[in-house]
Amino acid sequence: MASCVEQATETTISLKGSTKMVSEFFYYAINSILYQRGIYPSESFDTITKYNLKIVDTCDDKLKDYLTNVLETLEGWLRELNVQKLVLVLQDLESKENVERWSFDVTCDKSISTNPDFTKPGDLKQIQRGIQDVIRQVVSSITFLPILESPCSFDLLIYCDQEVSTPDGWDETTAKLVIDSEDLPLKSFTTSIHSVAPTVSYRRT
C-alpha cells in the first residue's frame with residue numbers, strides 16, 4: 001500500500017525563540033535606519049542577506065558593541081514580558097532638536113509563563129514574512145521621508161511596564177518627541193508571543 005508523507009513544518013514558537021527573533025529584528029531595523037538616514041557613512045556598513053533580503057549590518061566596532069549591549073539588555077526584558085516599546089530618536093547635532101522618531105510598540109502576551117522554554121502555536125514562516133515586510137518598509141523609507149539637511153546623532157529609548165533592574169550607565173529620560181510631527185504607521189508583525197508595531201514620526205517641512 002502506498003503511503004503519503006507530508007513534510008513537517010514548524011508550528012510552535014518558544015518564549016526564548018520569540019525573544020531572539022524580536023531582538024534580532026530590532027538590531028537589523030536599527031542598522032537599516034542609521035544607514036538609510038545617513039547617520040553613519042555608508043562605509044560603516046556591509047551588505048548581507050537576511051530574511052531573503054539584501055540589508056546592511058554595521059562593520060563599525062564601536063556601534064556594533066553599543067547595539068549589542070543595548071539589545072542584550074532588551075532581550076532579558078523581552079523574555080520577562082516587560083517591554084512596551086523601543087524608540088530610536090534622531091536629533092540635530094547643532095540645534096539638539098528631535099527631527100525623527102521611530103517607535104516600535106511591543107505587545108507581550110501576559111497570559112503565558114515566563115519559562116524560556118514555554119511554547120505556543122506560531123507559524124515561523126509567517127513570522128519571517130511579517131518581519132520581511134517591515135524591513136522592506138524601513139529600507140524604502142528614504143523615498144517618503146524628508147531629507148535630513150543637518151548631521152544628526154541618535155539615541156535609543158526602551159519603555160518597560162514595571163520596575164526593572166537598570167544597568168549601570170542607563171538613565172531615565174524624556175520621551176524626546178518630535179514637535180509638530182507627521183506620524184506614519186508601518187506594517188506590524190507578531191510571533192504570537194510578542195507583537196511589534198512601528199510608527200515613524202518626522203518633522204513637518
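Cys 108 is buried, with a relative accessible area of 11%. Buried here means under 20% relative accessible area, exposed over 50%, and partly exposed in between (1.4 Å probe, protein chains only). Cys 152 is also buried, at 12%. The model is predicted: local features need pLDDT of at least 70, side-chain atom pairs count only at pLDDT 80 or more, and totals for chains, interfaces and linings use all residues. Residues are numbered from 1 along each chain as its sequence is written, and side-chain values use heavy atoms, with hydrogens and water left out.

A disulfide was defined as a pair of cysteine sulfur atoms within 2.5 Å. The count by this rule is zero. Cys 108 is accordingly in no disulfide; its nearest cysteine sulfur, that of Cys 160, lies 9.2 Å away.

Strand S5 spans residues 98-108. Strands (E, at least two residues) and helices (H or I, at least four) are DSSP runs, numbered from the N terminus. Nine of the 11 residues of S5 are buried, which leaves the strand mostly covered. In a regular strand, side chains alternate between the two faces of the sheet.

S5 pairs with strand S4 (residues 83-92) in the antiparallel sense, over seven bridges. Pairing requires at least two DSSP bridges between two strands. Leu 88 has Trp 102 of S5 as its bridge partner. Five residues separate the strands in the S4 and S5 hairpin, where Lys 96 takes a positive phi near 65°.

S5 also runs antiparallel to strand S10 (residues 194-203), and nine bridges join the two. Here Ser 103 has Thr 199 of S10 as its bridge partner.
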